[in-house]
Amino acid sequence: MHISKILILFVGFLLGSVLQASEVERLLSDYNYKNDLSQKTIDENKGHLVLYTREKLERMHAKTLKDVFMTTPVIYYHENRYALPDPLASGAFEPYRSNFVRLYIDGVEITQGWMGSGLALYGDMNIDFVDHIEFYYAVPSFETSVEPAYLTIFVYSKDPKRDSGGKLTLLQGSRGYSTQSISYGEEREAYSYRYNLSHTDAKRTKIDNGTDHPLSRDFERTQLFGYIKTENQIAHVQVMKKNTDSLAGLSLDATPLVSTVDYLNLHIDYGITFNAHWHAQFAYEWLKRDILQFDDLPLLYPGESPFNRLDAVTKNSTYSAELTYKNRRGRHHIVAGLKGRKKILDGFSVKVGERLPLDFSQESILSAFFQDQYVLSEAELLTLGIEYSNIYRDAGINSDNLWQLRLGYIFASDTWSYKAYIYRTMFALDPFNRQVSRYNTGSVSPQTTRGLTQELSYMQDSYRARVMLLFMKDEDGLVQNMGEGETQYFFGVFNYDYAFDIDNKINLQLYYARYKDIGPIDKLEDYSGYVSFSNTYEKFDFYNAVVWHQNSIDHTHYFDVTSSLSWNASENLTLTLKGQNLLDRAKETSLFRVSPTTGDLLQPLSISPVDRRVTLEMEYTF
Amino acid sequence: MKMKKIVFTLLLLFGQLYAMERESTLKLYHHLFRHLFHKEVISVYVEDREYQKVFASSPFIRLVPYLKDADFVMITSDRVLEEVQKRKLSSKTILFATKYKYLEASKRIIGAFYWRKSRSQYLFLQDRLNEHNISLPAGYSKFILDEL
């Protein structure tokens, strides 16, 4: 009842505030939309795009990647038992699940090396430096991926050309949550640069686990992002220090006495474009983890003998290099390249506890790809890609040879567009899962996934509608299901965006998913919806949104309601009051528990990754 | 029907992020020029290369290399602002900025088109328009301020 009343109020407000747009407003609206889409990063052939434009991010008041994730179809946002962003987490005991999702900043992959996907640490990063975000579904164009993925997230930083000068953001939230962030960017004659430094002290809701020590997921994060670029070169540096309370951590029954993991990450990269054909890129990443886990009963750990305290430090490095060649020959646009990556476990020192049972410390990946995009007509494109990867590991562990194939067709007119891809892709088990899961110490076959995806969209001046259908089937799934069949997935997404005028917009999204033979479940259906209203009235901006979830397991309706009100007090100063998960009914997922003494399954904990929180924010530009 | 240029997608440059969309940008400026000037071809001085590329494709805009020859000067950098402040330009020359701070820096600038909070902002100042005897149509009234 509350939701429907709120929706009626919002719609009433929206309709009441709609103005008759003048010709100038229409021209401005067209300018805004086309300039958002004309960013040269957007590549029709990368897959099925869900785009968060700079304006949308601003209107949403998205401060972290998590704020964006909460509305993205198929994956949405979840955290695992270590309180790390892990959208595909099942709530069971896997170390990390979202390795199929890869994160890129300005076209360079952020990889946490041993941990797999960069989402582990950067999945809820501060995005004050971000211009726009592109989510590509289905196997991406091989130009961008060193390792296979079926969802790639491209985050692009602000360019001083549009956003020169500085911005200071101070945010204070309920429960003591606070963020401070400062950015500055400038365009000089020969080069431009930008940096962002932010600090977040996230005090979050505790989770009752039936003991005197409720589960905590507070964290304190300091993050630095910076780049300097010229016409044909760019260099980035990123540093993140994140000290976390790691929720259940390694406690089997989710009753740890101490559960903390502190992360320190460094990422540097350099890219150079030699000419219209050749481009090279290098990246280095280093990650240190300080792990402290203590329970009164034995911990979840792959060691030989049970123990209840682990105090350890791990360090790993990742080196990546790639060389890409592009050329046009008649109707053919050819892209080919070589990519290499080496992941090294630099150290695993145990102060208290036991060493890992597997003496595994290096993984090397060498990939070669070829892709042809053939222009059938001015509106039609055919694309064919093939990639081969060899993964070599030390300590006598099996090597993997992976083949990826991708065939696509794209049609685009001024109003209609259609895309279809058929693909076969292979995934290998990531080093982290191989090392810390006692079931994966031997030979593990790569997973093969076959997929067919389609997208149909229609757009007019004021509205855009899109349907996206994805079907996938796994063979030799890395995440084993309990049944006999191979896991099958079907996803359907419908989007409708309508702009009443330049200041008043509505976004609607409906999502349906059907899974067959996934984990212990024969059949799972998942439904969700998202509706948002963005309005501007004189010096005030309003944003109101609801994300709704339901699935066939517990049939519970979850509603995550977000509202914000901004007052643009002057050209340089904006004050914003924002509430998230206002009804405290955002989606919850199960955290499974096992008795360390009997091995029996205990009642799972139900946890929402989205805290109920009210924040007051001040933005000052200079 | 004019088809989307898929070919454009194929010509992506490595790593380049910013690109101004030509058609919508020209429409916006053509509309403004129609109400600022009573001549078919407008002489524009602009140093910014993105704007140069966009304006070069217009049959109604002639890019000029010197400030003194321009009907319309776009102030896109501190350097151009300094040049404009140093030189004695014709009172008929219209100055327009791409940053808000330039509006504050010089009272000769009639308006600006710039980005703020990720949205494009159109802004004109009534007293400065009056000095040039410019009367913009009602559609612009939402974007005209009495003072900064």
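## A friendly tour of strands and cores

Strands E15(A) and E16(A) form a hairpin, with two residues between them. Strands here are DSSP runs of E with at least two residues, numbered from the N terminus. This is a predicted model, in which local features need pLDDT of at least 70, side-chain atom pairs count only at pLDDT 80 or more, and totals for chains, interfaces and linings use all residues. Residues are numbered from 1 along each chain as its sequence is written, while chains are lettered from A and ligands numbered from 1 in the order in which they are written.

**Around the hairpin**

- Strand E15 (residues 362-377) of chain A and strand E16 (residues 380-393) of chain A pair in the antiparallel sense over 14 bridges. Two strands pair if DSSP finds at least two bridges between them.
- Within this pairing, Tyr374(A) stands opposite Leu382(A) in E16(A).
- E15(A) is also joined to strand E14 (residues 332-352) of chain A, by 13 bridges, and these two run antiparallel.
- Look for Gly337(A), whose bridge partner in E15(A) is Phe369(A).

**An open sheet**

- Five strands of chain A form an open sheet with mixed pairing, in the order E1-E4-E5-E2-E3.
- Strand E1 (48-52) and strand E3 (108-110) of chain A stand at the edges with a single partner strand each, so one side of each has no neighbour in the sheet.
- From one strand to the next, the twist averages 25° (axes are lines fitted to C-alpha atoms, and angles run from 0 to 180 degrees between N-to-C directions).
- E1(A) and strand E4 (residues 130-137) of chain A run antiparallel and are joined by five bridges; Leu49(A) has Tyr136(A) as its bridge partner in E4(A).

**Nonpolar cores**

- A nonpolar core is a set of buried Ala, Val, Leu, Ile, Met, Phe, Trp, Tyr and Cys residues joined through C-beta atoms within 7 Å.
- The largest one has 96 residues, of which Tyr104(A), Leu151(A), Ile153(A) and Val155(A) touch the most other members.
- Apart from it lies another core, of 36 residues, including Ile502(A), Ala70(B), Ile110(B) and Tyr140(B).

**A buried arginine**

- Arg194(A) is found in strand E8 (residues 192-202) of chain A.
- Arg194(A) is buried, because 22 other C-beta atoms lie within 10 Å (buried needs 20 or more, exposed 12 or fewer, partly exposed in between, with C-beta atoms placed from the backbone).
- Arg194(A) and Asp159(A) are 35 residues apart along the chain, and their C-alpha atoms are separated by 7.7 Å.

Note on methods
Helix = DSSP H or I, 4+ residues; strand = E, 2+ residues; numbered from the N terminus.
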